[in-house]
Amino acid sequence: MKQSGRPKGESEVREKLIFHARELFVSMPYNKVSTRLIATNANVNIAMIRYYFGNKEGLFEAMFKETIAPVTQQFQRLLKDDTEQDLVEFMRAYYKAMIKVPAFPKLILRIMDAESEQQAALQQIIIGILQPMQNKLFDSQKSKALFKNGVDPIKARLSLMSLMIFPFLAPKKMLELHNIELNETFLMELLEHNIRLLGEGLLKNKRDTDNENK
């Protein structure tokens, strides 16, 4: 994505605003990020924020939705089937999206942990996007189809959250203590490692299904 130069069209202006808004929101508190600062960093007229998004909150919502779009798209595929491979691909889509913006989960945590009235509106935006996925993913019928017999779906939810979120939230000093560098190569290897853990510990596999059908 281009970050400098004169925009060639409306879509490029919008993309630049999304890109620079994301860069600022993940690195600064929400109330410290002004529309003027976003427009300045994107090198576009501030009026374009109102034109495309209405206001800063609208820009934040668009940025959030577009950042996790690959995850929500994979989730829609998951709804069509109840197989462990779909959930694996859901996790794979999440990791690939977050690798591009590794500070994004910290942004979510920072906003969800805030108590101000302004942040409450942002929390509702995030909840409105994420909750339908969580509800569908962990409803009783889908849990029965996805998870091994005896697996508590509530505890499984926390386990999945840990595998998907903690690597991006871990303090830098803790990672250094264990000689871990969160680069793209390591994260992709961790993804495959976590997928193997899921297959052995939580998710039904072909062997489990065959045993149930005997």
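Which residues of helix α7 (residues 104-112) are buried? They are F104, P105, L107, I108 and I111. Viewed down the axis of α7, these buried residues fall within an arc of 155 degrees, so they line one face of the helix. The model described here is predicted.

**Overall make-up**
- The protein has 13 helices and zero strands.
- Along the sequence, the pattern reads α-α-α-α-α-α-α-α-α-α-α-α-α.

**Burial, surface and contacts**
- The protein has 214 residues, and 40% of them count as buried.
- Among contacts with a separation of 6 or more, 66% are between residues 24 or more positions apart.

**Two residues with positive phi**
- As background, most residues other than glycine have a negative phi.
- N43 has a phi near 60 degrees, a positive value in a residue other than glycine.
- This residue, N43, sits in the loop between α2 (35-42) and α3 (47-53).
- N43 is exposed, and its relative accessible area is 52%, where the cut-off for exposed is over 50%.
- N179 has a phi near 55 degrees, which is also a positive value in a residue other than glycine.
- The loop that holds N179 runs between α11 (172-177) and α12 (184-201).
- N179 is exposed as well, with a relative accessible area of 74%.

Methods: Residues numbered from 1 in each chain as written. Predicted model: local features only at pLDDT ≥ 70, side-chain atom pairs only at ≥ 80, totals over all residues. Heavy atoms only, no water. Buried < 20%, exposed > 50% of the residue type's maximum accessible area, 1.4 Å probe, protein only. Helix = DSSP H or I, 4+ residues; strand = E, 2+ residues; numbered from the N terminus. Arc of directions from axis to C-beta. Contact = heavy atoms within 4.5 Å.
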